[in-house]
Amino acid sequence: MADYVLSCCSVCDLSRSWLEERDIHYIYFNYEINGAQCKDDFGQTLSPADLYGRMLAGADVKTSQVSVGEHVDDWRPILESGKDLLHVCMGSGITGTYASACMARDAVSREFPDRQVIVIDSTTASSGLGLLM
C-alpha cells in the first residue's frame, strides 16, 4: 500500500506552519487586485492588513479558482514520488475548484495509472475546511 499525501486549498484559514508541521500539502488559490494577479500565499506577498486596507480603500478584488493545469502541475511531483493523494477542496457551492480538481484527477490518473488520487468536496469554506484538515 502506498503512502498518501493529504492536501488542501490555501483558503483553509490555517497557517502555513500549522500545515507544514503536519505534512499537509496545500495549493494556492488565486486572486486579482486592481488587475494584478496574486496567489493566496499565506500573506507572504501581501499581508492580510494590506489586502483588507486596499479593499476598504476601494480596490477592485476578484478571486479565481485553481485551474486544472495548476492542480496537475502541483500534484505531479507527489505522484512521481510514488505516493497517492487525498485532496480536500473548498466547497463546490462557492467555487469551481472542486470541478477543476476532479478534471485534474482524471488527467493525472491517465498519466499515473498506478497512483490513486481522491478529491473530496468539503462542502464548506475557510474555517470549516480548516476544521476538516
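These notebook entries record what I looked up on aromatic pairs and on the sheet with its helices.

**Basis.** I worked from a predicted model, in which local features need pLDDT of at least 70, side-chain atom pairs count only at pLDDT 80 or more, and totals for chains, interfaces and linings use all residues. Residues are numbered from 1 along each chain as its sequence is written, and side-chain values use heavy atoms, with hydrogens and water left out.

**Sheet.** I found an open sheet of 4 strands in the order β2-β1-β6-β7, with parallel pairing (strands are DSSP runs of E, at least two residues, and helices of H or I, at least four, numbered from the N terminus; two strands pair if DSSP finds at least two bridges between them). I noted β2 and β7 (117–121) as the edge strands, each pairing on one side only. I located Tyr26 in β2 as the bridge partner of Cys8.

**Helix.** I then saw helix α3 (residues 68–80) pack on the sheet, touching β1, β2, β6 (84–89) and β7 (contact means heavy atoms within 4.5 Å).

**Aromatic pairs.** I counted 3 aromatic pairs (ring centres of Phe, Tyr or Trp, the latter by its six-membered ring, within 6.5 Å; planes under 30 degrees apart are stacked, over 60 edge-to-face, the rest tilted). Tyr26 and Tyr28 form a tilted pair, 5.8 Å centre to centre with 50° between the planes. Tyr28 and Phe42 form an edge-to-face pair at 6.2 Å and 65°. I recorded that this pair links distant parts of the chain, 14 residues apart. Tyr26, Tyr28 and Phe42 form one aromatic cluster.

Definitions and conventions. Axes are lines fitted to C-alpha atoms, for helices over the stretch in contact, and angles run from 0 to 180 degrees between N-to-C directions.
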